[in-house]
Amino acid sequence: MNATREETGRRLRQRWRALLELRRKHRDLLREVTGAGAPEWVDRAMALEETRLLDALDAREARALEALERALEHLPADGLPRCEGCGAVIEPERLQVVPEARCCPWCMAGGR
């Protein structure tokens, strides 16, 4: 059990670092798009669309980072995390695919 906990924690930290780096790159790109001076009207329209898209990506990445941080905080010292819906242990196979999972597949599908 402890080895699975350590592996889950490692995967969570790895995803967290990768997402943080991706978010940094998107923010750099946003600064580049918004600091482009005074472009022509077509360029301005494209810059606004790119800004909207990058803002949406930033919000999505922020939510994903929060989910990963919550999962790390709630990773029990004595074993695998439990489903917030039914209390069952979340299977290691699910955690390999979705390390930040907070529910078992049954509860996630609304089967409670």
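## A walk through the model

Glu91 is partly exposed, with a relative accessible area of 47%; on this scale, buried means under 20%, exposed means over 50%, and partly exposed is in between (1.4 Å probe, protein chains only). The model is predicted, and local features need pLDDT of at least 70, side-chain atom pairs count only at pLDDT 80 or more, while totals for chains, interfaces and linings use all residues. Residues are numbered from 1 along each chain as its sequence is written, and side-chain values use heavy atoms, with hydrogens and water left out.

Let us stay with Glu91 for a moment. You will find Glu91 in the loop between helix H2 (41-73) and helix H3 (92-97). Helices here are DSSP runs of H or I with at least four residues, strands are runs of E with at least two, and both are numbered from the N terminus. Eleven residues separate Glu91 from Leu80 in sequence, and their C-alpha atoms are 7.8 Å apart in space.

Leu80 also brings us to the largest pocket. About 240 Å³ of space lies in this pocket, and of its 20 lining residues, the closest to the centre are His74, Pro76, Leu80, Pro81 and Arg82. A pocket is an open set of points on a 1 Å grid over the protein atoms alone, where a 1.4 Å probe fits, with protein on both sides within 12 Å along at least five of seven lines; lining residues have an atom within 4 Å of a point. The volume is the space filled by probe spheres set on the points, which are joined across faces, edges and corners.

Next comes an annotated stretch. An unreviewed UniProt entry annotates residues 83-107 as "zinc finger region: dksA C4-type", and such annotations may be inferred rather than shown by experiment. The end C-alpha atoms of this span lie 8 Å apart, and the span is 36% helix and 0% strand.

Finally, look at helix H1 (residues 2-34), where His26 is found. His26 is buried, with a relative accessible area of 17%. Its side chain joins that of Glu61 through a polar contact of 2.5 Å. A polar contact is a pair of N or O atoms within 3.5 Å; within protein, one must be able to donate a hydrogen and the other to accept it, and residues adjacent in sequence count only if both atoms are side-chain atoms.
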